[in-house]
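Me: Hi! Could you walk me through the pockets and the inside of this protein?

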Amino acid sequence: MDFTLPDEHRMIRDTVREFCDEEIEPIAQEIEDEHRFPAEVFDDLAELDVMGVPVSEEYGGLGGDQLMYALVTEELGRVSGSIGLSYAAHVSLGSKPIELFGTDEQRERWLEPLATGDSLGAWALTEPGSGSDASDMDTTAEKDGDEWVINGTKQFITNANVAGSVLVKAVTEPGAGYDGISTFVVDPEDDGFEVTTVWDKMGLNASPTCEIQLSDLRIPEDRLLGEPGEGWDQTKKTLDGGRISIAALSVGIAQGAFEAALEYAQEREQFGQPIGEFDAVRDMLVAMDRKIERARLLTHKAAVAYDNGEDVTRLSSMAKLDASEISREVAEDAVQVLGGYGYTTDFAPQRFFRDAKLMEIGEGTSEIQRLVLGRELGL
Ligand SMILES: Cc1cc2nc3c(=O)[nH]c(=O)nc-3n(C[C@H](O)[C@H](O)[C@H](O)COP(=O)(O)OP(=O)(O)OC[C@H]3O[C@@H](n4cnc5c(N)ncnc54)[C@H](O)[C@@H]3O)c2cc1C
């Protein structure tokens with residue numbers, strides 16, 4: 001077993017890291033405070049050719065794999081949870097399903113602009129009344145001649161107000177449960193699409209989280225992704241990949257918080273010595289480092305299994321659960337290491353702490369991950 005990253009992966013990671021340090025880190029707190037989605041950063045990421053890392057070159061992507069995508073997502077998270085979240089939602093939720101389940105025509109029309117970074121993707125599953133129990137949705141799509149008519153409300157949709165396309169889940173066969181759900185490619189320019197709320201949140205405010213209203217939204221037949229009734233199966237496969245990216249993002253947030261704490265602990269002196277030399281502070285830093293290494297290994301293991309075509313439900317869920325929990329723990333300890341300064345917005349740990357909390361909620365809460373893992377054990 002070789003734990004060394006392939007050269008190509010290291011090269012992409014190092015390029016993205018350099019960009020993150022130079023271009024994102026200096027504005028990370030500012031965009032959070034201003035609640036500003038930094039479109040210019042995504043233009044630059046498109047220039048770097050990383051907006052479609054795991055999408056094939058045929059459709060404008062980089063032709064990389066899940067491991068490479070996890071590395072890029074981690075680097076973004078290390079400087080900005082918001083940019084990492086909008087990026088992950090764009091790639092694994094808004095783009096990848098079109099490659100996996102779309103027709104050649106759909107890939108050309110909708111995937112290519114996403115993979116090249118000309119437009120941004122979004123994915124609308126959650127509703128005001130259905131989150132963890134996502135299949136219990138109220139949004140409907142009814143066939144009328146050769147068109148579909150969609151009605152409903154979607155909640156907490158990342159990127160919806162800046163997206164060029166949104167993958168919307170809707171019930172096409174009422175009463176058929178999991179088999180009655182389908183996926184549609186919706187263009188925010190379509191009549192009947194309205195962003196009704198952009199939420200203020202405890203963190204991640206540079207990543208827009210929207211409520212959208214779909215009112216008699218009419219789209220042609222060719223916007224259906226896959227066959228009618230395949231929407232739930234597609235959702236499970238999408239989340240298998242998506243959870244690996246949330247794990248990677250969590251590791252990145254933890255890494256950013258840890259680096260800030262380590263640097264501070266080496267410089268700040270109390271009682272005549274750097275605080276990092278006190279056993280209590282050193283032990284906190286050692287625990288952070290250990291947790292990050294463990295979560296990163298699990299994340300990479302899940303990514304490699306995904307790339308090998310294995311069933312990754314267990315590994316992706318486990319990686320997401322572990323990484324999201326250690327992300328919040330590490331970020332909280334980083335605030336503690338900085339003492340009073342850690343509680344101020346002049347220093348990054350408070351932002352990482354607020355951002356990390358979402359990792360335990362989005363793409364399935366920790367409770368739902370435990371449910372999935374229990375099921376995998378036959379329980
Ligand atoms: C910033 C942000 C970005 C998001 N981005 C997107 C997006 O792009 N697209 C999208 O579709 N959705 C998105 N979401 C929605 C997110 O996936 C849901 O919020 C999440 O799945 C939880 O659903 P809920 O909020 O309805 O909570 P609920 O399902 O109401 O859960 C409330 C609590 O009950 C617990 N609970 C529920 N059921 C069970 C159970 N069976 N066993 C044990 N405990 C249970 C939960 O774990 C939680 O603690 C986003 C959310 C946020 C906050």
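Me: What's the lining of the second largest pocket like, by class?
Reply: Its residues divide into 8 nonpolar, 3 polar and 5 charged. Here Ala, Val, Leu, Ile, Met, Phe, Trp, Tyr, Cys and Pro count as nonpolar, Asp, Glu, Lys and Arg as charged, and the others, Gly among them, as polar. Keep in mind that this is a predicted model: local features need pLDDT of at least 70 and side-chain atom pairs pLDDT 80 or more, while totals for chains, interfaces and linings use all residues. Residues are numbered from 1 along each chain as its sequence is written, and side-chain values use heavy atoms, without hydrogens or water.

Me: Which helix gives the largest share of that lining?
Reply: That's α8, with 7 residues. Helices (H or I, at least four residues) and strands (E, at least two) are DSSP runs, numbered from the N terminus.

Me: How much space is in there, and who sits closest to the centre?
Reply: The second largest pocket holds about 480 Å³. It is lined by 16 residues, and Asp2, Phe3, Leu297, His300 and Lys301 are the closest to its centre.

Me: And what's the volume of the largest pocket?
Reply: About 1,400 Å³. A pocket is an open set of points on a 1 Å grid over the protein atoms alone, with protein on both sides within 12 Å along at least five of seven lines; a cavity is a set where a 1.4 Å probe fits but cannot get out, and lining residues have an atom within 4 Å of a point. Points join across faces, edges and corners, and the volume is the space filled by probe spheres set on them.

Me: What lines the largest pocket?
Reply: There are 48 lining residues, with Gly131, Arg243, Gly362, Glu363 and Gly364 nearest the centre. By class they are 22 nonpolar, 13 polar and 13 charged. The largest share, 9 residues, is from α7, and strands β1 (121-124) and β3 (147-158) each supply at least two.

Me: Who lines the largest cavity?
Reply: Among them are Pro54, Tyr69, Leu100, Lys237 and Tyr306. α5 gives the largest share, 5 residues. Domain 1 (7-120) and domain 3 (232-376) each provide at least three lining residues; these bounds come from an automatic or database domain assignment.

Me: What about the largest nonpolar core?
Reply: It has 42 residues, and those with the most contacts inside it are Ala261, Leu285, Met288, Ile292, Val330 and Val337. Such a core is a set of buried Ala, Val, Leu, Ile, Met, Phe, Trp, Tyr and Cys residues joined through side-chain atoms within 4.5 Å, with buried meaning under 20% relative accessible area (1.4 Å probe, protein chains only). α7 gives the most to this core, 12 residues.

Me: Where does this core lie?
Reply: Domain 1 and domain 3 both give residues to this core, so it lies between them.

Me: Which residues does Ala261 touch?
Reply: Leaving aside neighbours within four places in sequence, Ala261 is in contact (heavy atoms within 4.5 Å) with Leu285, Met288, Ala334, Val337 and Leu338. There is also a second, separate core of 26 residues, including Leu45, Met51, Met68 and Ala206.

Technical notes
Buried < 20%, exposed > 50% of the residue type's maximum accessible area, 1.4 Å probe, protein only.
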